[in-house]
Amino acid sequence: MFNVSVLPLKGIAIIIFLSYKILLLYVIPFMHIAISLFIPIILYRFDEGMKIARLKDETWVYLILSSGVIISIACRKLIVALINRFHNSGEDIKIFENELTNYMLSEANIKLMIYFFYLVYLIVFNTLIFQGRSYFSNPNIDKAILQSFVTFIAFERIIVNLKVLEFRPSKLLKYLKDSLTNN
């Protein structure tokens, strides 16, 4: 009788647990982006208060987005470790969540997410451009977002090319030393 009366509570607990895991799938990537944008936004707020650089808003949009996506790729392991550190669950669940976080925030998934967001923005941007309008009151902000995407593509191509490049500083130093001693 007790097991039958507790069955609805067990069902609710399972639904809450599964809802938490599904919500975690959505929250993890946004936590990664938020952490990536944190430093550039802090620098913007500092400059806004101190008036040091006196940059235009569209320049700040470009710098925040460009540095944010670069940080999200370049510092991915550090950000994943930071996100994993904030899980406050039991050990068994924590291990599962760390694996889930590592999977969700793989380099390929982060790049896919960045490309997806830029694609959606490009569709909106180009549709509005063809209608003679702008999403923002300042059309230069649209251009700044577009240029940040171009910067991200250039950065991403550099990373891809560095992975296949067989450049080693130690080998360069050996060649330099050999060339100096053979003269």
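# Salt bridges, core and ring pairs

Colleague: What pLDDT do side-chain atom pairs need in order to count?

Modeller: Residues are numbered from 1 along each chain as its sequence is written, and side-chain values use heavy atoms, with hydrogens and water left out. This is a predicted model: totals for chains, interfaces and linings use all residues, local features need pLDDT of at least 70, and side-chain atom pairs count only at pLDDT 80 or more.

Colleague: Is E156 buried or exposed?

Modeller: Buried means under 20% relative accessible area, exposed over 50% and partly exposed in between (1.4 Å probe, protein chains only). R157, at 41%, is therefore partly exposed. E156 has a relative accessibility of 9%, so E156 counts as buried.

Colleague: How many residues apart are E107 and K163, which form a salt bridge?

Modeller: Their closest N and O atoms are 3.0 Å apart. E107 is partly exposed at 22%, while K163 is exposed at 56%. Helices are DSSP runs (H or I, at least four residues; strands are E, at least two), numbered from the N terminus. With E107 in helix 5 and K163 in helix 6, the pair links distant parts of the chain, and the separation is 56 residues.

Colleague: Which residues are linked in a network of salt bridges?

Modeller: The count for the model comes to six salt bridges. The network links E107, K111, E156, R157 and K163.

Colleague: Which residues does I28 contact, leaving aside neighbours within four places in sequence?

Modeller: I28 lies in helix 1 and is buried, with a relative accessible area of 0%. I83 is 55 residues from I28 in sequence, and their C-alpha atoms are 7.9 Å apart. Counting contact as heavy atoms within 4.5 Å, I28 meets I83, L100, T101, M104 and L105.

Colleague: How many residues apart in sequence are the parts that Y115 and F149 tie together?

Modeller: Rings of Phe, Tyr and Trp (its six-membered ring) pair if their centres lie within 6.5 Å; planes under 30 degrees apart are stacked, over 60 edge-to-face and the rest tilted. The whole structure holds nine such pairs. Y115 and F149 are edge-to-face, at 6.0 Å centre to centre and 90 degrees between the planes. Y115 lies in helix 5 and F149 in helix 6, so the parts tied together have a sequence separation of 34 residues.

Colleague: Which residues do ring pairs link into a cluster?

Modeller: Y115 is partly exposed at 29%, whereas F149 is buried at 12%. Y115 also pairs edge-to-face with F152, at 5.2 Å centre to centre and 65 degrees between the planes. F152 is buried, at 1%. The cluster consists of Y115, Y118, F149 and F152.

Conventions. A salt bridge is a side-chain nitrogen of Lys or Arg within 4 Å of a carboxyl oxygen of Asp or Glu.
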